[in-house]
Structures are given as C-alpha cells and as structure tokens.
Amino acid sequence: MYHGVINVYKEPGYTSHDVVACLRGILRQKKIGHTGTLDPAAQGVLPVCLGQATRLCDMLADESKTYEAVLLLGMQTDTQDTTGSVLAQAEVQVSEEEVCRAAEGFLGEYWQVPPMYSALKVDGKKLYELARAGKEVERQARPVDILELNITKIELPRVWMTVTCSKGTYIRTLCSDIGDKLGCGGCMEALKRVRVGAFLAENALTLSDIEKLRDDGRIGDAVVSVEDALSAYPSAVTSQQADRLVKNGNPLTDRDFVREADGSWGGRNSDTVRVSDSQGHFLGVYRCDKERGFWKPWKMFLNLEE
C-alpha cells in the first residue's frame, strides 16, 4: 500500500470523485481520498492522499489556493458559471478601470453566500440536489478571505484574473458578485486551480501520466511522502528520553524536545509541529494546548512502511 500524496492534475470533464475512483483502479488500492472538490468543468491541482496520508485530507483542504479564472460579464446563470441555464443578460457598459476597482473591492475578508449548486449540506441534503429538484433554500453567508486578486487581461465582456484565497471560497460566486457590483451581472467561464498549499500545477500529473508510471514500475516517483507534504509546518525532534512517549502517542512538554544551541526549537513560533524521534523518524503532528501548557498528538503516522 502507498502512503503519501499524489499531485493530480484534474482534467475537465472529471469529477473529483472520478479521479479518486480511477486512482483506486490504477494503484489497486482502496484507501484514497481527495483534498477538496473541483467542479467537473474546472481543471488543475487536486492533491490526492493515499493510505495513512488520508489523515491529511482535512489539513490540505485548509490550505490557501490559487486559481486562474475567466469572468464573463453581462450573463447570469443558475450555477454562476457558463454550464448553467441563463437567467439574465445585459449589455456591458463599464470601463476597464471600473472593472479593476470593482474586483479590488473584494480583497480581504468578505461575506460570501454559497451557491445553490454546491456540495454543502442543509438539513442533511446537498444543495445541488435541492437545486436540481427546483428548490432554493436560504444559505448563510460565510466569511472568506481573498488574499490576492490580480486582473491579468481584459477584453470586455471577458476578464482574466488570478485569485489566491482561503478555503471555502467559491470562485464562481466571486465572479457573480463582481458582476453584480458592476450592475451588469457576470458568471465564470473557465477555471484552473494552479496551487493548493505547496502543490503546484506545473508539477501535477494527469491520470494517464500516473498510469504510465505504474506500467513503468515508477509510481514511487509520483508519491510525496507524508512528512514532505507537511513541510509547511516546523520540524521538532524529541530527546531520547521522550522517544517512548511520542511513539505511544503521549502528550509532550517543551522539555521533551531537543533544543538548538541558542535554546530555540522548531515549535518556538508555531502551535503545530511535525514531530520526529531522536533518530529522525517522522512520527506525527502535534498541536500545542496553550491553556494546559503541553503538546498533544493530532495526527499520528506510525508504521508508514507497512
């Protein structure tokens, strides 16, 4: 069984679940999970976790993401993208400067109402299932964070932009909101996810790429280890005396970690660290319980070689 993460390039036409199902066949392994849904029409980075690394799914889903999107002004649809039914059309009589100002107004935190055509659940039912049944329900606005928004090209009615955002952000809805702000409406025409955390589109592999690696006996070349997938977190090493504690998944204190010559260590400026024993074997992720003054295990990855 493989334990780690494959940086998959999801091609248009596949659902995220399709990708997982195909990988189960390619790798002949059941324990696989993806790290955040991409719409079927969208393409780009979809990190997929294998084996024990499926415990990373929620962590990777929490990472910031970068998208390249095309906004089509003057059209509103029920899905907020061009795959849906057209609800309204309007002439686009705005300037490029007005487009830039409207888009820049969404930088930072804003409250976004999730679209009806989404996998979010209300009273146990997915919104898209209700939408397909012709039902619309009230959705609570949620705070999302637009960290960067750069307009890269404008050929009205189309606007090309690159967006870096927090988890839970719907780029379709952002496009629709920008169109509403401009008074002409808008929807998303194309979407490519180019980054999820440290996983980049230029390093991603299509399903056919992965299948070829399997046939060549080189699947290991595509699998990022659990520890490397967590490289954004500082590393902390236990003392020999604390090795037994961490291998048993016990809580740790600051004194259980090896210090640098200046007295510092990996967890100095973080509340989450990836922990290795004194021999350098990666064992898991610990989080700081500041109220109680100790570190407690959050995700453990023992026996990854099995």
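Student: Which residue stands opposite Leu 149 in β11?
Tutor: Happy to start there, and keep in mind that this is a predicted model. Strand β10 covers residues 142-155 and pairs with β11 in the antiparallel sense over 8 bridges. Within that pairing, the residue in β11 that stands opposite Leu 149 is Val 163.

Student: How many residues lie between β10 and β11 in their hairpin?
Tutor: β10 and β11 run antiparallel to each other. The two strands form a hairpin, and the number of residues between them is 2.

Student: Which residue of β12 stands opposite Leu 72?
Tutor: Let's look at the pairings of β4, residues 65-73. β4 pairs antiparallel with β11 (residues 158-165) over 8 bridges, and in β11 the bridge partner of Leu 72 is Arg 158. β4 is also joined by 9 bridges to β12 (residues 186-196), again running antiparallel. In β12, the residue opposite Leu 72 is Cys 187.

Student: Is Val 70 buried or exposed?
Tutor: Val 70 is found in strand β4, and 8 of the 9 residues of β4 are buried, so the strand is largely enclosed by the rest of the structure. For Val 70 itself, the relative accessible area is 11%, and the cut-off for this class is under 20%. Val 70 is therefore buried.

Student: Which residues does Val 70 touch, not counting those up to four places away in sequence?
Tutor: Remember that β4, the strand of Val 70, pairs with β11 and is joined to β12. The residues Val 70 touches are Arg 158, Val 159, Trp 160, Cys 187, Met 188, Glu 189 and Ala 190.

Student: How many Å apart in space are Val 70 and Val 273?
Tutor: In sequence, Val 70 and Val 273 are 203 residues apart. In space, going from C-alpha to C-alpha, the separation is 38 Å.

Student: In β16, what is the bridge partner of Ala 236?
Tutor: β15 and β16 (residues 272-276) pair in the parallel sense over 3 bridges. In β16, the bridge partner of Ala 236 is Val 275.

Student: Now for the helices: at roughly what angle do the axes of α1 and α6 cross?
Tutor: α1 spans residues 16-27 and α6 spans residues 207-215, and their axes come within 10 Å. The crossing makes α1 roughly parallel to α6, a class for angles under 35 degrees. The axes cross at roughly 10°.

Student: Why do the buried residues of α6 line one face of the helix?
Tutor: The buried residues of α6 are Leu 207, Ile 210 and Leu 213. On the other side of α6, Lys 212 and Asp 215 are exposed. Seen down the axis of α6, the buried residues line one face because they fall within an arc of 120°.

Student: What covers the buried residues of α6?
Tutor: One contact to think about is the one between α1 and α6, made by residues including Val 19 and Leu 23 of α1 and Ile 210 of α6. What covers the buried residues of α6 includes β1 (4-10) and α1.

Notes: Residues are numbered from 1 along each chain as its sequence is written. This is a predicted model: local features need pLDDT of at least 70, side-chain atom pairs count only at pLDDT 80 or more; totals for chains, interfaces and linings use all residues. Side-chain values use heavy atoms; hydrogens and water are left out. Two strands pair if DSSP finds at least two bridges between them. Helices (H or I, at least four residues) and strands (E, at least two) are DSSP runs, numbered from the N terminus. Buried means under 20% relative accessible area, exposed over 50%, partly exposed in between (1.4 Å probe, protein chains only). Axes are lines fitted to C-alpha atoms, for helices over the stretch in contact, and angles run from 0 to 180 degrees between N-to-C directions. Angles under 35 degrees count as roughly parallel, over 145 as roughly antiparallel, 65 to 115 as roughly perpendicular and the rest as oblique. Contact means heavy atoms within 4.5 Å. The arc is that of the directions from the helix axis to the C-beta atoms.
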